[in-house]
Amino acid sequence: MQPQPEFYVKANKDGTAWLVPGSGVYDKAQREFYVFGAQSDGSAIQAYLRLGFTVPSEQPLVTVVQSPTTLSSIPATWTALLGGDVLVDGYTADSLSGTQLLITRLDTIQKVVEGTFNTALRRDAPWSQQGEMIRFTEGSFRVRYQ
């Protein structure tokens, strides 16, 4: 088994262990955080899990949060890109089951965010009318954000 990288996104993806490099972005103007898990199989297609959450505008962004905090989540997505920019498949959070996202650590000095998640994503209509699902359970992440 490979060692876990310092910055990662991991979960059980449809019941199979899934561990990929993780990264993050903070959009200060929109007060939105995005966590990305990037999966590559060596082909020209790369897939990305995107989790997001907003920070309430009435609350300043704290320096370090160590206790679990539930924030408003932005719909999770799974996208597959060919050559880094051509969308070839996509899934979006299923509104029936939703996404559970819990932030367990937010360090604005080191720019690291950690948390746990569960989400169910339904295949987007352009790619299928069957409504196939991808489920991520027992998920966690630790990413450095920009």
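Biologist: Let's start in the strands. Which residue stands opposite tyrosine 91 in β7?

Modeller: Tryptophan 78 does. Keep in mind that we are looking at a predicted model.

Biologist: What makes β6 and β7 a pair of strands?

Modeller: Six bridges join β6 to β7, and the two run antiparallel. Two strands pair if there are at least two bridges between them, so six bridges meet the rule. The hairpin of β6 and β7 has three residues between the strands, and glycine 83 there takes a positive phi near 65°.

Biologist: How many helices and strands does the chain have?

Modeller: Zero helices and 10 strands. Read from the N terminus on, the elements run β-β-β-β-β-β-β-β-β-β.

Biologist: On to the rings. What makes tyrosine 26 and tyrosine 145 an aromatic pair, and why is it called edge-to-face?

Modeller: Ring centres must lie within 6.5 Å, and here they are 6.3 Å apart, so the two rings pair. The structure holds nine aromatic pairs.

Biologist: Which parts of the chain does that pair tie together?

Modeller: Tyrosine 26 lies in strand β2 (residues 16-27) and tyrosine 145 in the segment after β10 (133-144), so the pair links parts 119 residues apart in sequence. Both of these tyrosines are buried. Ring pairs also link Tyr26, Phe33, Phe53 and Tyr145 into a cluster.

Biologist: Why is the pair of phenylalanine 117 and phenylalanine 141 called tilted?

Modeller: Stacked needs planes under 30 degrees apart and edge-to-face needs over 60; the planes here are at 35°, so the pair is tilted. The ring centres are 6.3 Å apart. Phenylalanine 117 sits in strand β9 (residues 112-123) and phenylalanine 141 in strand β10, so this pair ties together parts 24 residues apart in sequence.

Biologist: How do you know that phenylalanine 117 counts as buried?

Modeller: Buried means under 20% relative accessible area, and phenylalanine 117 has 1%, so the term applies. Phenylalanine 141 is buried as well, with a relative accessible area of 1%.

Biologist: Now the charges. What makes arginine 123 and aspartate 89 a salt bridge?

Modeller: Side chains of opposite charge can pair when their charged atoms come close. The rule asks for a nitrogen within 4 Å of a carboxyl oxygen, and the closest N and O atoms here are 2.7 Å apart, so it is a salt bridge. Arginine 123 lies in strand β9 and aspartate 89 in strand β7 (residues 86-93), so the pair ties together parts that are 34 residues apart in sequence.

Biologist: Are these two partners buried or exposed, or in between?

Modeller: They fall on either side of the 20% cut-off. Aspartate 89 is buried at 14%, whereas arginine 123, at 23%, counts as partly exposed.

Biologist: Which network of salt bridges is arginine 105 linked in?

Modeller: The network links Glu6, Arg105, Asp107, Glu114 and Arg142. Within it, arginine 105 meets aspartate 107 at 3.1 Å and glutamate 114 at 2.8 Å. Arginine 105 and aspartate 107 are buried, and glutamate 114 is buried too. The count for the structure comes to six salt bridges.

Biologist: Which residues make the nonpolar surface patch?

Modeller: Ile45, Leu82 and Val86, over about 220 Å². Valine 86 is in strand β7. What makes valine 86 partly exposed? Its 43% lies between the 20% and 50% cut-offs, so it gets that label. For the chain as a whole, buried residues make up 40% of the 146 residues.

Biologist: Where is confidence lowest, and where highest?

Modeller: Strand β5 (residues 64-65) is lowest, at a mean of 50, and strand β1 (residues 8-13) is highest, at 96. Where pLDDT is low, the predicted coordinates should not be read in detail. The chain has a mean pLDDT of 84, with 84% of its residues reaching 70 or more.

Notes: Residues are numbered from 1 along each chain as its sequence is written. This is a predicted model: local features need pLDDT of at least 70, side-chain atom pairs count only at pLDDT 80 or more; totals for chains, interfaces and linings use all residues. Side-chain values use heavy atoms; hydrogens and water are left out. Rings of Phe, Tyr and Trp (its six-membered ring) pair if their centres lie within 6.5 Å; planes under 30 degrees apart count as stacked, over 60 as edge-to-face and the rest as tilted. Helices (H or I, at least four residues) and strands (E, at least two) are DSSP runs, numbered from the N terminus. Buried means under 20% relative accessible area, exposed over 50%, partly exposed in between (1.4 Å probe, protein chains only). A salt bridge is a side-chain nitrogen of Lys or Arg within 4 Å of a carboxyl oxygen of Asp or Glu. pLDDT is the predictor's confidence in each residue, from 0 to 100. Patches are made of residues with over 30% relative accessible area and no salt bridge: like charges are joined within 9 Å, nonpolar side chains (Val, Leu, Ile, Met, Phe, Trp, Tyr) within 5 Å. Accessible areas come from the Shrake-Rupley method with a 1.4 Å probe; for residues, only the protein chains shown count as cover.
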